[in-house]
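Work through the exercises below with the sequence and the coordinates at hand. Each task is followed by a solution in steps.

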Amino acid sequence: MSLEEEENAAELKIGDEFLKAKCLMNSEVSLILEHKYEQIQQMSDDPSNQVSQVFEKSLQYVKRFSRYKNPDAVRQVREILSRYQLAEFELCVLGNLCPETVEEAIAMVPSIKNRGRMLDEEAIEKMLNDLSLIKKFE
Amino acid sequence: MFFHIVLERNMQLHPRHFGRDLREKLVSKLMKDVEGTCSGRHGFIVAITGIESVGKGLIRDGTGFVTFPVKYQCVVFRPFKGEILEAVVTMVNKMGFFAEAGPVQIFVSNHLIPDDMEFQSGDVPNYTTSDGSVKIQKESEVRLKIIGTRVDATEIFCIGTIKDDFLGVISDPGANA
């Protein structure tokens with residue numbers, strides 16, 4: 001349980017395994033799960049019997065909380081965010097919550113402020129602007 | 001947060017499945033075994049998305065079963081302490097409220113709801129500000145911060161707070177009604 005004690009996403013302490021892993025934004029998970037659900041549907045008449053409760057709840061959740069529905073927009077979001085030397089986890093929190101102000105972004109992802117990167121408020125502001133543009137033109 | 005990770009599992013297979021479609025048998029058994037399960041370390045396994053590799057099988061002494069090490073890619077949901085996420089309120093009572101973010105349940109105690117929100121009992125129990133402008137009830141969408149996790153064999157349970165900047169209700173089902 002010692003690992004559990006030290007865990008703190010606000011400081012990006014999520015364990016090495018998850019830090020290196022690929023994070024997924026809700027919109028991306030939605031694309032993956034819907035695709036998989038369609039496959040299952042084609043194979044059986046009653047897909048609701050075939051999937052676990054965890055799958056079903058996750059699918060409902062990501063459908064409800066996807067900021068971007070269009071696959072191209074989802075790709076763009078990741079591309080834009082990845083220009084800013086963010087950790088995977090930070091990238092996905094920003095992509096999921098779409099903060100509107102610099103202050104909000106820092107409250108959502110406190111670690112972007114204190115990792116000695118070249119991310120000043122101006123850069124964050126620009127990043128948020130780029131994000132909201134995608135949303136607008138989706 | 002959802003992750004795409006590679007996990008490994010030793011799959012035991014009965015000799016009757018040996019044949020042309022051994023691999024398919026392994027994969028379908030793997031899906032049945034692990035999808036929907038939960039562990040403290042990796043969180044909830046939502047869906048298997050691909051097989052990385054199937055290693056050499058090893059015959060178990062005395063049984064005839066063969067163990068194959070299988071590496072697979074999967075989507076997992078793992079909540080972290082300190083993480084901020086959005087969730088749907090499922091139940092409200094005077095102790096606080098429960099919300100769901102995908103497969104995980106999060107409890108927000110009334111101590112961690114802003115002080116200006118009061119519990120209102122009735123047909124639709126809710127927490128409301130004194131001026132009535134903000135309301136938390138079943139089906140409300142809230143943004144919360146996870147401040148603790150409890151792991152048992154088959155489930156992860158979280159404690160959350162909405163008593164911080166930029167947390168709280170994002171949409172209120174009653175507002176449009």
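**Exercise 1.** State what share of chain A is buried in this predicted model.

Solution. Chain A has 138 residues. A residue is buried if 20 or more other C-beta atoms lie within 10 Å of its own. By that criterion, 33% of the residues in chain A are buried.

**Exercise 2.** Describe the secondary structure, extent and contacts of chain A.

Solution. Begin with the elements: chain A has 9 helices and 1 strand. Read from the N terminus, their order is α-α-β-α-α-α-α-α-α-α. Next take the extent: the C-alpha trace of chain A spans about 55 × 45 × 20 Å along its principal axes. Finally, consider contacts in chain A between residues at least 6 apart in sequence; 61% of these join residues at least 24 apart.

**Exercise 3.** Find the domains of chain B and characterise how they touch.

Solution. The domain assignment gives domain 1 as 2-77 and domain 2 as 83-171 of chain B. Taken over C-alpha atoms, the centres of these two domains are 37 Å apart. Across the boundary, 5 residues of domain 1 of chain B contact 7 residues of domain 2 of chain B. The domain 1 side of this contact comprises 3 nonpolar and 2 polar residues, with no charged ones.

**Exercise 4.** Locate the annotated feature in chain B and give its secondary structure content.

Solution. An unreviewed UniProt entry places "domain: RNA polymerase Rpb7-like N-terminal" at residues 8-64 of chain B.

Definitions and conventions:
Residues are numbered from 1 along each chain as its sequence is written. Chains are lettered from A and ligands numbered from 1 in the order in which they are written. This is a predicted model: local features need pLDDT of at least 70, side-chain atom pairs count only at pLDDT 80 or more; totals for chains, interfaces and linings use all residues. Domain bounds come from an automatic or database domain assignment. Two residues are in contact if their C-beta atoms, placed from the backbone, lie within 7 Å. Ala, Val, Leu, Ile, Met, Phe, Trp, Tyr, Cys and Pro count as nonpolar, Asp, Glu, Lys and Arg as charged, and the others, Gly among them, as polar. UniProt positions are given in the numbering used here, feature names are shortened, and annotations may be inferred rather than shown by experiment. Helices (H or I, at least four residues) and strands (E, at least two) are DSSP runs, numbered from the N terminus. A residue is buried if 20 or more other C-beta atoms lie within 10 Å of its own, exposed if 12 or fewer, and partly exposed in between; C-beta atoms are placed from the backbone.
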